[in-house]
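Work through each exercise on your own, then compare your steps with the solution.

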Amino acid sequence: MADNENKKRTKSSKDLGRRILKCGVISWAIILVVWGLGSLAYDEYFLPSPYETIDSLVLLIKDGTLWADFVASISRVAKGWALAVVFGVPLGLLVGSFKPVKYLIDPILSFFRFVPAIALTTLFLMWFGVGEESKVALIFYSSFFSIFVNTIAGVVSTDQSLIEAASCMGAKRARVFFTVVLPSSVANIFTGIRLGLSSSIICVIAAEMLVGSDGLGYLIQSSKLYYKTSWAFAGIVTLALTGFISDRLLQFIGRKKLSHYGLK
C-alpha cells in the first residue's frame, strides 16, 4: 500500500511538473530574470526594467493613450485581415480546383507574393492617401498570400481516391467539391487564416510607424521623441500579448467548431 501511495505521489508530482513546464511559466520567469538583470547594467533610456515597463503600461492605461492606440491598431488589423480572408479563401479554392484558372492567375500572384508590403508603402500612400485606406490595404496585402497559398495547398492535397470514389458514385463536380474537396481543405485554410492574422499584426505596426498618427506602431515610434524607451517596451508587450491571445482564441474556436475537419 505504501509503495502504491508513493508511486501515485511521484506520478502526481511529475504530472504537475509537466503542466507547469507546458504552460510556459518557467520560460517567462527566466526571461524576466534575464531582462531584469540586464537592465541593471544600463539606464532606463537604453533598457528599461520590467518594473519600469509595467509602470509605463499603467500610466498609459490610466491616461487612455494605450487603449486609444490599441483600438486603432486592432480595427485596422480586423479590416485588412477580414478582407484577406474574404478574397483569399475563395480565390485559393478557385485556383486550386480549376487548372485553367491556375495557369492564368497563379504566375501573377506568385510574382507579387515575393514583394513585401513595406516596399509598396509609397505607392499605397499615393493611391489610397495617408488615411485609413492605405494602412488597411497594406495589411490586406501582407496577409492575403498566406491565406491564398495555404488554401491552394489544401485543395491540391485532397486525396484523389476520395474524389474518384465520389465521382464513381455519380456525384457531380460541384457536389464533389462541397462534400470532399472543401472539407479536406479546411485544416489548411485555417492554418492560412492564422498565418494571415500574424502577418496583419506585424504589418500594422510597420504601417503605423511609417505613416501613422495613432496606433501601437505610432506609440513605439514616438517614444523616442520623448526619450521614453519604456513606452516602446509597453507598446511591444501590448502587441505581443494581443497577437498571443488572438492566436490562442482562434485556435480555441477552431478546435471547438472545426474539430471534425481534423483540427487539433
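**Exercise 1.** Decide whether Trp-127 is buried or exposed.

*Solution.* Start with the value: Trp-127 has a relative accessible area of 58%. Next, recall the cut-offs: buried means under 20% relative accessible area, exposed over 50%, and partly exposed in between, with a 1.4 Å probe and protein chains only. Trp-127 is therefore exposed, at 58%. Now place the residue: Trp-127 lies in helix α6 (residues 121-128), where helices are DSSP runs of H or I with at least four residues, numbered from the N terminus.

Before going on, a note on the source: this is a predicted model, in which local features need pLDDT of at least 70 and side-chain atom pairs count only at pLDDT 80 or more, while totals for chains, interfaces and linings use all residues. Residues are numbered from 1 along each chain as its sequence is written, and side-chain values use heavy atoms, leaving out hydrogens and water.

**Exercise 2.** Describe the aromatic pair of Phe-87 and Phe-140.

*Solution.* First, the rule: rings of Phe, Tyr and Trp (its six-membered ring) pair if their centres lie within 6.5 Å; planes under 30 degrees apart count as stacked, over 60 as edge-to-face and the rest as tilted. By this rule there are eleven aromatic pairs. For Phe-87 and Phe-140, the centres are 6.0 Å apart and the planes make 80 degrees, an edge-to-face pair.

**Exercise 3.** Explain why Phe-124 and Phe-128 are separated by about one helical turn.

*Solution.* Begin with the rings: Phe-124 and Phe-128 form an edge-to-face pair, 5.5 Å centre to centre with 75 degrees between the planes. The two are four residues apart in helix α6, so about one helical turn separates them. Now check the accessibility: Phe-124 is buried at 8%, whereas Phe-128 is partly exposed at 40%. Finally, widen the view: ring pairs link a cluster that includes Phe-124, Trp-127, Phe-128 and Phe-140.

**Exercise 4.** Find which helix has the lowest mean pLDDT among the elements of the chain.

*Solution.* Recall that pLDDT is the predictor's confidence in each residue, from 0 to 100. The lowest mean, 58, belongs to helix α1 (residues 2-23). Where pLDDT is low, the predicted coordinates should not be read in detail.
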